[in-house]
Amino acid sequence: MLNESISKLIQYGIETGLLPECEKIYATNLLLDLFCEESYVEPEQTKEHVDLENVLADLLDEAVKRGLIEDSIAYRDLFDTKVMNCLVPRPAQVQREFWEAYETSPETATKYFYKLSQDSDYIRRYRVKKDKKWTVESPYGTIDITINLSKPEKDPKAIAAAKNAKATAYPKCQLCLENEGYAGRLDHPARENHRIIPLTINGTKWGFQYSPYVYYNEHCIVFNGEHIPMKIDRPAFVKLFDFVKQFPHYFLGSNADLPIVGGSILSHDHFQGGHYTFAMAKAPIEREVTIPGYEDVEAGIVKWPLSVLRIRHKDEKRLIDLADHVLKVWRGYTDEEAFIFAETDGEPHNTITPIARMRDGIYELDLTLRNNITTPEHPLGVYHPHVQYHHIKKENIGLIEVMGLAVLPARLKEEMELLKEYILTGKDVRSNEKIEKHADWVETFLPSYPEVNEANIEEILQQEIGKVFVHVLEDAGVYKCTEEGRASFQRFIRSL
């Protein structure tokens, strides 16, 4: 059984281009050593398609059988990464092939690296494809919705074992360069099959990789070589355009640098980008504006639920200058009538979520105004999903959501299945503790559908989830898409 599984994995490596034919024996021996096996008889070759998920499952079962690992998700994930690393080229080879491909075009380089990141199982295709994805139409365009199922569930055995494990601060976080090739541990994912492309951004050392959870096409992460906190400032705008100049087919954006309106990892300076056009990028300019001293820069308020100022120019330096000006004014801007406070009790509230791209040979920068103030009525944030929407989305609205893609929690998959059953059979939604939080929502939208049946219930739930997410985005907008809100936005523009 082990011989057959190793042979299939080697065949997979050769077919995908991970492994050159001349390294077949070398990789086989690495795998035999990993399984503490001293002998090998190569089975008869077959030409059938190799299913990586099944082959890895067989190898992991063998590892459990031999007592090499415990049979749990966390231990299996740590071990199958070791298995795949036996096939993956060394970092120097990956970097060389990337830059050779770059000489053809940036698109050729990223296409090579994205495929390698999937073939190596760093991006687990078979998990990502389990994510539920759909779109909904809104007043702001077509919104993307996804229920994230690609991250493995928390493993009770691993949680218990991690409590007794020796604490370590290496790597400092999951975005550090030191993750490349790291074997991982129960509280830190294995990254032996992970490869990073070194970049020079604004004269400093940075890394380029893909997200293992790919929420959208070619979802990449560009991160500082040093473990330093995120900061939105003039150098941040320089870095964004430095990357876009090198990879003009990709957009690049940053989470804001304050809690509530920021991303999940504020401790490490990084950006996210990719080869995808979000609804926000497609959204039109609602009102053109002119900013004194920057009359040569196209500028306008975007028709979008969050408060976005879009600026465009063929010279990115003009955009960097203007973005720096907007940021400095916004950092200190207070408008009590609009409930915008730059700070309270010495705590700063205003920051920006920026997204840079090139469109038709013109540089473009979206500046999303953010504010993280809290009140007794909204303890998680005034410009945060309000409590009536927490049954769908309670988490922070970061860069990806800002652009129009809902990343919803995995719990919703089971909850939606239960809701289907309860709605179709007329059961009381409030009688089940797993879904009672959805009861008010269901009672609100159900009367608007004259007929609900097995054929349309899934579509109804998906559309209603989408509507909730649009409301969530509207909550996150510091200036609402109303006459009063736009007047307040104009007041800020006039202050520039």
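Colleague: Let me start with a pairing. In β13, which residue is the bridge partner of glycine 253?

Modeller: Isoleucine 355 is the partner of glycine 253. Keep in mind that this is a predicted model.

Colleague: How many bridges join β6 to β13, and how do the two strands run?

Modeller: Two bridges join them, and the strands run antiparallel. β6 covers residues 251–253, and β13 covers residues 350–359.

Colleague: What sheet do these strands belong to?

Modeller: An open sheet of ten strands, with antiparallel pairing. Read across it in this order: β3-β4-β5-β7-β6-β13-β14-β10-β9-β8. At the edges sit β3 (197–201) and β8 (285–288), each pairing on one side only. On average, neighbouring strands of the sheet are turned by 25° against each other, direction ignored.

Colleague: Which strands does helix α11 lie across?

Modeller: Helix α11 (residues 316–331) lies across β10, β13 and β14. The helix runs at about 10° to β14. Now look at helix α5 (residues 91–104). That helix lies across β3 and β4, at about 60° to β3.

Colleague: Next, histidine 268. Where does it lie, and is it buried or exposed?

Modeller: Histidine 268 is in the loop between β6 and β7. Buried means under 20% relative accessible area. Histidine 268 has 0%, so it counts as buried. Beyond its neighbours within four places in sequence, its contacts include Cys173, Cys176, Phe223 and His227.

Colleague: Are cysteine 36 and cysteine 176 buried or exposed?

Modeller: Cysteine 36 counts as exposed, at 58% relative accessibility. Cysteine 176 counts as buried, at 3%.

Colleague: Last feature. How many cavities of 30 Å³ or more are there?

Modeller: One. About 90 Å³ of space lies in the largest cavity.

Colleague: Which element gives the most to the lining of the largest cavity?

Modeller: α13, with five residues. β1 (132–138), α13 (411–425) and α15 (457–476) each supply at least two. Among the lining residues are Lys132, Trp134, Ile147, Leu412, Met416, Glu458 and Ile465.

Conventions. Residues numbered from 1 in each chain as written. Predicted model: local features only at pLDDT ≥ 70, side-chain atom pairs only at ≥ 80, totals over all residues. Heavy atoms only, no water. Buried < 20%, exposed > 50% of the residue type's maximum accessible area, 1.4 Å probe, protein only. Pairing = 2+ DSSP bridges. Helix = DSSP H or I, 4+ residues; strand = E, 2+ residues; numbered from the N terminus. Axes fitted to C-alpha atoms, helices over the stretch in contact; angles between N-to-C directions. Contact = heavy atoms within 4.5 Å. 1 Å grid on protein atoms, 1.4 Å probe; cavity = no way out; pocket = protein on both sides within 12 Å on 5 of 7 lines; lining within 4 Å. Points joined across faces, edges and corners; volume = space filled by probe spheres on them.
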